[in-house]
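Me: I have a structure open that I have never looked at before. Could you walk me through it?
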Amino acid sequence: MSDHTQSVLDINLSAMARNWSKFSKLGAKTTAAVIKADAYGLGAKEAARAFQDVGCKDFFVAHFDEAVKARSFISATSRIFVLNGVFSNQSEIMAEFDLIPIINSIEQYEIWENQNLPFALHIDTGMNRLGLRFDEYNNFEKISKNANLKLVLSHLACGSDPNSSKNITQLSLFKDACEYFECEKSLSASGGALLSDDYLFDLIRPGIGLYGGNPHDFGDNFSEAVVTLKSPILQTRIVKKGESIGYGASFIAKKDMNIATVALGYADGFLRSASNSGFAIIKNTKCKILGRVSMDLIAIDISNVESVKFGDTVEFLGKNALIDDQANCANTISYEFLTRLGNRFKRNYFYE
Ligand SMILES: *Cc1c(COP(=O)(O)O)cnc(C)c1O
């Protein structure tokens, strides 16, 4: 299965499907799947197929273009919601492709109103990003009378932190907003859905948890790993005490070391911010990244592993190299780490 001459991204579609099924058992009537940004970089078409196979009928994307594309591989009877809403030059095609805009403002409402077709409404409960604000509740009343309104949603700012009091504040505001509307309600993405049953409402919108990232900032991961990133070793060498490794000579060996140079770099989407902090796994041993991540290459410390040689593969993401840990080493979050993984890898989709 693995190709030993280049970096390979293994994407386990069964694991994705199992993650969706796990969310669907939490108790919300409907469990959607968020497949924006090409399913967090893993391939929206393949991901959607995996979710549809286990019963998912509701999808969320961010952009109009993503939605139009998604219609070609998502069943005609399934719903596709567009988080960024609608611009006036998009409304005809949106109608034609049976896409559901999430109306974020009164301006967007005025664009869509005349289509006489389904839409969702975003209410801002504290994120201050998208959605109608509470001081526009006169607009809530107006829009609530429109029979095409199918879903009201809001989004949590701190859903990844079970200890944040902001969740309770937003929950309470969302419940107040719900009083105005009779359609389906949705508050939670992956993190919120795991806070408690109070956050489930009619529909949950998991994204990161489907792709193996931990929906919460700490504690055991609810989700199963989905991606494995493996790279081949191009060369091994001994670096003497006092010598440097890589661009900028940012790492100086404090003792003689055994290192391996691996075919992976920032041009593949492996973040340069993981320089001198990220890691790889070889034979169950954690090997630190030494020096800067360069465009096509990374050096790792193999001093503690026996008989590593040219052509062996090392794991940068997978069951033993958790995406949240690697992202943390690169000073970022699993979301950014996943969405940056580029198209230079050989991608290998499988069911297992
Ligand atoms: C991206 C997004 C989601 C999915 O969030 P995750 O944290 O990845 O589960 C859900 N709802 C909205 C509004 C989003 O923007």
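Me: How far apart do the C-alpha centres of domain 1 and domain 2 lie?
Reply: The C-alpha centres of the two domains lie 38 Å apart. Domain 1 covers 32-211 and domain 2 covers 227-350, with bounds that come from an automatic or database domain assignment. This is a predicted model, in which local features need pLDDT of at least 70 and side-chain atom pairs count only at pLDDT 80 or more, while totals for chains, interfaces and linings use all residues. Residues are numbered from 1 along each chain as its sequence is written, and side-chain values use heavy atoms, with hydrogens and water left out.

Me: And how many residues of each are in contact?
Reply: 8 residues of domain 1 are in contact with 8 residues of domain 2, where contact means heavy atoms within 4.5 Å.

Me: Ok, what about the whole protein, how much of it is buried?
Reply: Of its 352 residues, 53% count as buried, which is to say under 20% relative accessible area, with exposed meaning over 50% and partly exposed in between, for a 1.4 Å probe and protein chains only. The C-alpha atoms fill a box of roughly 75 × 40 × 35 Å along the principal axes.

Me: How many helices and strands are there?
Reply: There are 11 helices and 19 strands, taken as DSSP runs numbered from the N terminus, with helices being H or I of at least four residues and strands being E of at least two.

Me: Let's take α7, which of its residues are buried?
Reply: In helix α7, residues 137-144, the buried ones are N139, F140 and I143. They cover an arc of only 110° around the axis, so they are on the same side of α7; the arc is that of the directions from the helix axis to the C-beta atoms.

Me: What do they pack against?
Reply: The buried residues of α7 pack against α6 (106-112), β7 (119-122), β8 (149-153) and α8 (165-178).

Me: Which ring does F140 pair with?
Reply: The search of the whole structure finds 13 aromatic pairs, where rings of Phe, Tyr and Trp (its six-membered ring) pair if their centres lie within 6.5 Å, and planes under 30 degrees apart count as stacked, over 60 as edge-to-face and the rest as tilted. F140 and F181 have ring centres 5.9 Å apart and planes at 45°, so the pair is tilted. Since F140 lies in helix α7 and F181 in the loop between α8 and β9, the pair ties together parts that are 41 residues apart in sequence. Both F140 and F181 are buried.

Me: Which residues stand across from T261?
Reply: Q235 stands opposite T261, and in β17 the bridge partner of T261 is A299.

Methods: Pairing = 2+ DSSP bridges.
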